[in-house]
Amino acid sequence: MIGLSGCGTPSPETPTTCYCTPQSPNVNIYRVLPDSLAGAIFEMAFPTIPTPIPPAIPAPIQFNDQQILGARYAAFQYLLDETKRWSDTETIMLSDQNKTRITLTFISPKLLQAVFLSDVLRDRFITSDFQTHLQNMLNCCRSVMNYYSC
């Protein structure tokens, strides 16, 4: 992973965008709030239900498989969209008969959230408090990036 920050204006000496380091050591692209679309898709699978008065014997939690399948499809579409948005592919000719394709994908905060959401819906290891878990994942990424940018 490489982190660059674009700043400044082009000049005759530097006709393209110039790059510089952030002015603040605390600048980190993963310092974001969870994406509302990820939360909305999670809510499709596991809607928040007001907590009724608990019965004497708690009933097992029932999930609607159709809702979960619909949310998984929406999460997959979200993942595809973000992957396409943050990826670029180039074909390089190695010789007259050989060529290779290289794809470079920037691991954006939204792409990370799409991956996390897809994993959650596939494995069902989280069924409530999704926004907190999503924020914790982003905080972890922010900590890793802070460590490697030192």
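**Helix packing in the model**

Mentor: In helix 1, the buried residues are Ala38, Gly39, Ile41, Phe42 and Ala45; buried means under 20% relative accessible area, exposed over 50%, and partly exposed in between, with a 1.4 Å probe and protein chains only. Helices are DSSP runs of H or I with at least four residues, numbered from the N terminus.

Trainee: Where do the buried residues of helix 1 fall, seen down its axis?

Mentor: They fall within an arc of 160°, so they line one face of helix 1. The arc is that of the directions from the helix axis to the C-beta atoms.

Trainee: What kind of model is this?

Mentor: This is a predicted model, in which local features need pLDDT of at least 70 and side-chain atom pairs count only at pLDDT 80 or more, while totals for chains, interfaces and linings use all residues. Residues are numbered from 1 along each chain as its sequence is written, and side-chain values use heavy atoms, with hydrogens and water left out.

Trainee: At what angle do helix 1 and helix 2 pack?

Mentor: The angle is about 160°, and the axes of helix 1 and helix 2 are 7 Å apart. Axes are lines fitted to C-alpha atoms, for helices over the stretch in contact, and angles run from 0 to 180 degrees between N-to-C directions. The two helices are therefore roughly antiparallel to each other, a term for angles over 145 degrees.

Trainee: Which residues make that contact?

Mentor: Helix 1 contributes Leu37, Ala38, Ile41, Met44 and Ala45. From helix 2 come Gln67, Ile68, Gly70, Ala71, Ala74, Ala75 and Tyr78. Contact means heavy atoms within 4.5 Å.

Trainee: Turning to helix 2 itself, which of its residues are buried?

Mentor: Ile68, Ala71, Ala75, Tyr78, Leu79 and Glu82 are buried in helix 2. They cover an arc of only 100° around the axis, which puts them on the same side of helix 2. What covers them includes helix 1 (36–45) and helix 3 (109–123).

Trainee: And what is exposed on the other side?

Mentor: Gln66, Tyr73 and Lys84 are exposed there. Tyr73 has a relative accessible area of 54%.

Trainee: What does Ser118 touch?

Mentor: Ser118, which lies in helix 3, touches Ala75, Phe76 and Leu79, not counting residues up to four places away in sequence. Ser118 and Ala75 are 43 residues apart in sequence and 5.7 Å apart in space, C-alpha to C-alpha.

Conventions. Angles under 35 degrees count as roughly parallel, over 145 as roughly antiparallel, 65 to 115 as roughly perpendicular and the rest as oblique.
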